[in-house]
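Here are my notes on the model, point by point. Please read them with the structure open.

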Amino acid sequence: MYSNNTMPFKSTKSSADINDTQSDEQQKEFHKKMKFAESVAQDELAGIIFQYIAETRKTGSALEAILELEWQEAVEESEKVIKNGSLKKPQLSKRIDLSKADYDLLQGNIKPEDIPDKNGSPIELTPKKVISHKGGRPFREYVNQEWLPNGLNITIFPCKDKNGDKNWSYWCNIIRQDGFDTSDWDQ
């Protein structure tokens with residue numbers, strides 16, 4: 001930022017510099033709140049997806065234990081298939097319909113004062129917005145870094161209807177990460 005001031009060593013700030021500083025501080029505060037809100041929404045959606053995959057309403061360590069056991073069963077099944085001559089990699093997979101998921105993932109999960117606002121209105125982060133933002137890449141990367149053990153990844157593919165149009169349904173898969181033969185969930 002360059003000042004319009006012609007005196008390079010003058011210690012007082014112009015009103016334009018003060019407004020720019022306030023604007024910069026407001027932007028920093030917005031981005032800080034947005035980053036926190038996005039992580040809360042991503043955590044909520046990840047929990048929902050993992051509950052669908054595990055077919056349970058359990059949360060936390062109970063949900064993780066179920067997924068770990070299901071993963072171990074998928075590994076055992078894939079080893080049986082490999083012995084029979086075909087190649088099958090272990091995976092946990094579920095089709096998830098988000099067509100009616102228009103609720104805000106932040107409501108009840110974050111203090112109202114921590115929700116960033118845009119143009120005077122609090123933002124809403126719905127499952128559709130989170131899973132489709134930038135092709136879903138930020139969400140997948142977050143889940144892989146924060147939720148899944150090393151050696152496993154989540155992949156998410158949009159489903160299409162008979163006409164080839166996206167319909168807010170997704171195939172969500174937990175698979176082995178490329179270059180890994182094992183994970184912390186393996187026996």
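**Notes on the predicted model**

1. Start with Lys128. Lys128 is buried, with a relative accessible area of 14%. Its side chain meets that of Asp102 in a salt bridge, N to O at 3.0 Å. Asp102 sits in the loop between β1 and β2 (117–118), while Lys128 belongs to helix α3 (residues 127–132), so the pair ties together parts that are 26 residues apart in sequence. The coordinates here come from a predicted model.

2. Confidence comes next. The mean pLDDT of the protein chain is 86, and 84% of the residues score at least 70. Residues 1–12 are another matter: their pLDDT is below 50. Beyond near neighbours in sequence, that stretch has four contacts in the model. Where pLDDT is low, predicted coordinates should not be read in detail.

3. How many salt bridges does a search of the whole structure find? Four. The Asp102 and Lys128 pair is one of them. Side chains of opposite charge can pair when their charged atoms come close.

4. Lys94 and Glu55 make a further salt bridge through their side chains, at 2.5 Å from N to O. Lys94 is in strand β1 (residues 91–97), and Glu55 is in the loop between α1 (15–54) and α2 (60–83). The pair therefore ties together parts that are 39 residues apart in sequence. Glu55 is exposed, at 62% relative accessible area. Lys94 is partly exposed, with a relative accessibility of 24%.

5. A salt bridge within a helix should be read separately. Arg137 and Glu141 form a salt bridge, and their closest N and O atoms are 2.8 Å apart. Both residues belong to helix α4 (residues 137–146). They are four residues apart there, so about one helical turn separates them. Arg137 counts as exposed at 52% relative accessibility. Glu141 counts as partly exposed at 37%.

6. Now look at Thr56, in the loop between α1 and α2. Is Thr56 buried or exposed? Thr56 is buried, with a relative accessible area of 16%. A polar atom of the Thr56 side chain lies 3.2 Å from the backbone nitrogen of Lys58. Setting aside residues up to four places away in sequence, Thr56 touches Gln51, Leu63 and Ile66.

7. Ile49 lies in helix α1 and is buried, with a relative accessible area of 2%. Which residues does Ile49 contact, leaving aside its neighbours within four places in sequence? They are Ile96, Ile131, Phe139, Ile154, Ile156 and Cys172.

8. Three strands form an open sheet in the order β1-β5-β4, and the pairing is antiparallel. Its edge strands are β1 and β4 (152–160), each of which pairs on one side only. On average, neighbouring strands of this sheet are turned by 20° against each other, direction ignored.

9. Strand β5 (residues 166–176) pairs with β1 in the antiparallel sense over seven bridges. Ile96 is opposite Tyr170 in β5. Ser93 faces Asn173 in β5 as its opposite residue. Ile96 is also one of the contacts of Ile49. In a regular strand, side chains alternate between the two faces of the sheet.

10. Finally, β4 and β5. These two strands pair in the antiparallel sense over eight bridges. Leu152 stands opposite Arg176 in β5. The two strands form a hairpin, with five residues between them. In the turn, Gly164 has a positive phi of about 85°.

Terms used: Residues are numbered from 1 along each chain as its sequence is written. This is a predicted model: local features need pLDDT of at least 70, side-chain atom pairs count only at pLDDT 80 or more; totals for chains, interfaces and linings use all residues. Side-chain values use heavy atoms; hydrogens and water are left out. Buried means under 20% relative accessible area, exposed over 50%, partly exposed in between (1.4 Å probe, protein chains only). A polar contact is a pair of N or O atoms within 3.5 Å; within protein, one must be able to donate a hydrogen and the other to accept it, and residues adjacent in sequence count only if both atoms are side-chain atoms. Contact means heavy atoms within 4.5 Å. Two strands pair if DSSP finds at least two bridges between them. Axes are lines fitted to C-alpha atoms, for helices over the stretch in contact, and angles run from 0 to 180 degrees between N-to-C directions. pLDDT is the predictor's confidence in each residue, from 0 to 100.
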